[in-house]
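Open the model in your viewer and keep the sequence panel beside it. We will go from one selection to the next.

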Amino acid sequence: MDKEIVKRYAPFIYFDEREPFYPIRTGCTIFTKPGQSPSFRRELSFDTEKIKFVIEYAIYWDFDIQHLYELEHVWVYVDQNGRIADCEASFHGKYLKGLLRDGSNIEEDTHVRLYSQPGKHAFSPVAQLFELIPDFEAATYEKAGSGGLLITSVLEGRCETNENINKMVSDYLKRFRFRPSMKYKKYVFSDDVFTEWETLYNEIPKLIEKKLNEIISSYRH
């Protein structure tokens, strides 16, 4: 992984001013030819005559407002002249276009501006889209903690949960419930957040174990 390239094209993410959780690590993969994403169920397809490379950012949070463990994605397409040609970003298990047609959400030439759904962290180049989600406000308050420890394909066979763990996680996350302000502030990744996807993949169970221990300790006290 070329860290300078990864930093140069990292998205600028805008979070709600009341957002309680921010990214912990970002696992990066640079594609110079089409191929299967190592961390998301999709095939990356692009014209190598036009696109020099695609950077996949697998962004890890300890929490979203409903569960322990959160992984979201951004894909930045860079053309042969080093300009951003396209962007895609994850949205509740699917993905959306992250680049507006007129390119007006590109900042400083190489950073796509994306908004993060309050508490849930789905991405969009247009913040108003989140307000169309039926449980947009309930997700961060009435439904806070409803997911316990989330076991996805990335964690299958490596982490386990049970009713007791899920209850402790739920009780813990209810402490952070909030109503979105709908005012967004800019977040820029620090240099130490970036790593290779394989490194992050190996770190995730340890990060979860660390958080579970903290939750158990706080629960007992």
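Is Thr 140 buried or exposed? Select Thr 140: its relative accessible area is 0%, so Thr 140 is buried. The labels work like this: buried means under 20% relative accessible area, exposed over 50%, and partly exposed in between (1.4 Å probe, protein chains only).

Two notes before moving on. This is a predicted model, where local features need pLDDT of at least 70, side-chain atom pairs count only at pLDDT 80 or more, and totals for chains, interfaces and linings use all residues. Residues are numbered from 1 along each chain as its sequence is written, and side-chain values use heavy atoms, with hydrogens and water left out.

**Stop 1: around Thr 140**

Thr 140 sits in the loop between β11 (123–124) and β12 (148–149). Helices (H or I, at least four residues) and strands (E, at least two) are DSSP runs, numbered from the N terminus. Now show Glu 137: the side chain of Thr 140 reaches its backbone oxygen at 3.1 Å. Such a polar contact is a pair of N or O atoms within 3.5 Å; within protein, one must be able to donate a hydrogen and the other to accept it, and residues adjacent in sequence count only if both atoms are side-chain atoms. Leaving aside neighbours within four places in sequence, Thr 140 has contacts (heavy atoms within 4.5 Å) that include Ile 65, Pro 118 and Phe 178.

**Stop 2: salt bridges**

Side chains of opposite charge can pair when their charged atoms come close. A salt bridge is a side-chain nitrogen of Lys or Arg within 4 Å of a carboxyl oxygen of Asp or Glu. The structure holds 14 of these salt bridges.

Select Asp 191 and Lys 7. Their closest N and O atoms are 3.3 Å apart in a salt bridge. This pair links distant parts of the chain: Asp 191 is in the loop between β13 (184–187) and β14 (194–196), Lys 7 is in helix α1 (residues 3–8), and they are 184 residues apart.

Next, select Arg 42 and Glu 88. They form a salt bridge, with the closest N and O atoms 2.6 Å apart. Arg 42 counts as buried at 8% relative accessibility. Glu 88 is buried too, at 10%.

**Stop 3: the largest nonpolar core**

A nonpolar core is a set of buried Ala, Val, Leu, Ile, Met, Phe, Trp, Tyr and Cys residues joined through side-chain atoms within 4.5 Å. The largest one has 52 residues, and among those touching the most other members are Tyr 9, Tyr 57 and Ile 204. Color β5 (51–64): this strand gives the core its largest share, eight residues. Then center on Ile 204, which touches Tyr 60, Tyr 69 and Trp 197, among others.

**Stop 4: helix α3**

Select residues 197–220, which make up α3. Where is the kink in α3? A kink of about 35 degrees lies at Glu 203, shortly before the proline Pro 205. The bend at a residue is the angle between axes fitted to the seven residues ending there and the seven starting there.

Show Glu 203 with Arg 25. Their side chains meet in a salt bridge (2.9 Å, N to O). Finally, show the buried residues of α3, including Leu 200, Leu 207 and Ile 215. The buried residues of α3 pack against β2, β5, β6, β12, α2 and β14.
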